Amino acid sequence: MKTDIVLAGVGGQGILTIATILGAAALKENLYLKQAEVHGMSQRGGDVQSNLRISSSPIHSDLIPQGGADLIVSLEPMEALRYLPFLSSEGWIVTNTEPFVNIDNYPEMTAVETELARQPRVVAFNMDEKAKSVATVRSSNLVLLGAASPFIDIDTARIEEAIKGVFGAKGEKIVEQNIAAFRAGREAALSTIHK
Amino acid sequence: MGDEALALGAINAGLSGAYAYPGTPSTEILEYVQKNPVARERKIHSHWSSNEKTAVEEALGMSYCGLRAITSMKHVGVNVAADPFVNSAMTGANGGLLVIAADDPSMHSSQNEQDSRFYADFAMMPCLEPSNQQEAYDMARYGFELSERNGIPVMVRLTTRLSHSRSVVETDDEPMAQNKLHYPENPRQWVLMPAISKIRNRQLIKDFDAFVKESEESPFNRYEEGHDHHLGIIASGIAYNYLMECFGGNCPFPVVKVSQYPLPEKYMRRVYDSCDALLILEEGQPFIEKSLRGLASEGKKIYGKLTGQVVRDGELSPDSVAETVRKVAPGVKELIHREVPGASEIVVSRPPALCPGCGHRDVYGALNDALKEFESPKVFGDIGCYTLGFLKPFNAIDSCVDMGASITMAKGAADAGQFPAVSIIGDSTFTHSGMTGLLDAINENSNMVVIISDNLTTGMTGGQDSQGTGKLEDICRGLGADPAHVRTIDSLPRLHEEMKQLFLEEIRYEGLSVIISRRECIQTARRHAVKK
């Protein structure tokens with residue numbers, strides 16, 4: 001298997017947690033893994049992205065080449081669009097539709113929606129709302145991970161184990177909330193794909 | 001993470017002390033040592049240093065006593081540490097000493113793209129440049145041995161993409177024993193007086209040949225044969241991975257992988273002699289390319305950054321490397337081709353900003369209001385989160401150069417007759433390099449205001465301990481600042497008017513004032529709240 005993922009969002013939204021969980025799950029499956037991220041000034045409310053590469057054979061580059069990503073996974077709709085040149089011809093976009101507006105010149109929401117709708121393979125819904133309905137809004141990154149999971153060839157049980165591992169120290173309740181968010185995201189994505 | 005792999009490698013190789021000042025992308029090295037259970041059990045030194053110069057000197061002192069030490073910093077930190085760094089090649093090392101420099105090509109979080117390999121070169125020091133996380137781990141032990149075998153500190157050069165990229169690393173089962181305290185065989189060599197240095201310099205020049213031989217026998221350098229000799233490729237560090245990526249591992253051309261310097265001359269000679277032309281792929285500045293132009297006088301083509309085939313600034317990527325190969329070897333069929341979708345036209349840039357609830361915001365808000373009363377105020381900024389005060393909505397600073405420069409530039413401006421001359425500096429930057437400059441201003445009672453925006457941490461790099469916490473007023477008064485003009489205020493929205501008035505008063509005072517405006521960083525405050 002090989003899954004190259006561009007994870008995107010705004011600093012502080014929690015995309016690195018997604019990377020940590022998938023990384024732990026991949027490790028358990030004995031897969032090769034590379035995950036590049038940017039720290040420092042870029043984190044303060046600016047755009048952040050991480051390249052996550054998982055494969056059953058050795059991986060050369062820490063960065064995904066353009067046109068090579070199987071998935072763009074984003075917590076913010078405009079941030080999903082930022083990385084279009086990286087998407088492969090068969091690739092999917094999985095994104096939250098709730099905008100994070102911290103700049104004056106954020107494009108019209110209708111323009112963002114139209115642009116997303118133009119893409120051939122998209123799973124997009126309001127993950128903040130979904131997270132609120134099953135847990136708290138802070139779990140929207142886990143809804144996103146759930147929504148991306150049908151496109152990643154790692155056993156769901158393995159991912160759930162990894163979620164327990166990552167949140168275990170924060171107590172049973174937080175683990176349960178995050179698992180619930182993950183499952184809700186997965187379900188929502190599956191129903192979109194099969195439509 | 002590459003940073004963590006290197007730190008763990010060092011711990012498992014018998015490390016006794018880690019010394020550093022935080023700086024992206026090097027910060028996680030010392031942070032890892034602080035958290036590691038073996039390091040804790042062994043009481044390996046891992047307290048933050050005041051700056052990179054003190055860090056290198058402390059590590060050198062440990063090496064003098066025969067123990068293994070690392071010191072880590074970002075590339076511009078090497079400038080701060082340049083004095084002890086270059087001279088440590090003259091003293092040599094006793095216990096293994098690794099000087100880790102994390103370069104930041106593309107300037108993700110830095111003010112320039114300088115390439116630390118040039119420092120190693122002119123200090124005449126070996127340099128290691130891992131191309132992946134496993135090499136970063138392995139190179140710690142290898143580097144200590146190289147250092148002790150040759151009695152020389154060794155630079156380890158990382159770049160952002162390796163420092164901050166994670167992968168699986170195979171580690172040793174048991175950490176090695178630490179060195180026991182023992183003194184250098186030749187203690188005179190550590191006293192760099194001219195008579196001694198002259199002898200040592202000759203020895204170092206001689207030793208350089210041994211360093212070249214080490215590179216030629218290094219497990220990290222190799223020549224990989226290819227069937228097409230129209231082109232030979234020299235790829236260093238992480239650039240090697242991008243090359244392999246764009247050929248899917250099947251490069252038709254001979255490749256020299258370089259991860260240890262000085263350059264392995266025999267491989268350079270071999271690839272030059274057997275190929276029609278050479279392509280140099282290296283992250284950062286054209287270091288190998290420049291060295292090679294001297295080595296190769298037979299007039300074969302050498303393609304690289306100087307000749308324009310490789311992008312000169314920013315980081316390399318699999319895409320830019322593929323484009324380069326396409327240019328210098330048109331029609332090469334082994335290159336992987338992918339369709340690239342067009343970029344979206346509606347996407348706009350999202351620059352970083354000061355966090356909501358950050359005290360720096362209140363300082364800038366009040367300062368901007370106070371300065372409205374003057375015709376031509378100038379505010380000299382410094383390095384840290386508060387550099388973001390340059391951007392909207394504050395547009396509050398006129399300069400940002402290097403650690404500590406806010407104070408000394410404001411002083412120079414005041415000397416030139418600038419009024420008001422205001423310096424704004426963070427607490428950690430102040431103890432890093434601001435104190436000495438403040439002494440200059442105090443000694444001449446320069447007509448300027450220094451604002452220390454104290455958030456009780458090193459915020460930009462994620463909240464490391466700041467060396468001046470709780471001592472700033474004492475430091476300023478101790479340096480000789482007039483206690484009547486060392487003022488303190490809390491940076492809070494409700495104190496906006498008071499802050500503004502305080503700034504106005506001290507700007508109008510003819511002489512040097514220091515204002516310490518204090519409020520805990522919102523990020524560390526949140527973490528502390530969670531802990532409670």
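This is a predicted model: local features need pLDDT of at least 70, side-chain atom pairs count only at pLDDT 80 or more; totals for chains, interfaces and linings use all residues.
1. Let's start with how chain B is laid out. Its assignment has three parts: domain 1 covers 2–217, domain 2 covers 222–328, and domain 3 covers 359–529.

2. Domain 1 and domain 3 of chain B are worth a look as a pair. Their C-alpha centres are 34 Å apart, and their contact involves 9 residues of domain 1 of chain B and 10 residues of domain 3 of chain B. What classes of residue does domain 1 of chain B bring to the side that touches domain 3 of chain B? There are 4 nonpolar and 5 polar residues on that side, with no charged residues.

3. Turning to the two chains, chain B puts 38 residues into the contact and chain A puts in 41. On the side of chain B that touches chain A, two or more residues come from each of strand E6 (165–167), helix H11 (239–246) and helix H14 (318–328) of chain B. H11(B) is the top contributor to that side, giving 5 residues.

4. Strand E2 (residues 32–37) of chain A runs antiparallel to E6(B), and 3 bridges join the two. In one of the pairings, A:Ala36 has B:Ser165 of E6(B) as its bridge partner.

Key. Residues are numbered from 1 along each chain as its sequence is written. Chains are lettered from A and ligands numbered from 1 in the order in which they are written. Domain bounds come from an automatic or database domain assignment. Two residues are in contact if their C-beta atoms, placed from the backbone, lie within 7 Å. Ala, Val, Leu, Ile, Met, Phe, Trp, Tyr, Cys and Pro count as nonpolar, Asp, Glu, Lys and Arg as charged, and the others, Gly among them, as polar. Helices (H or I, at least four residues) and strands (E, at least two) are DSSP runs, numbered from the N terminus. Two strands pair if DSSP finds at least two bridges between them.
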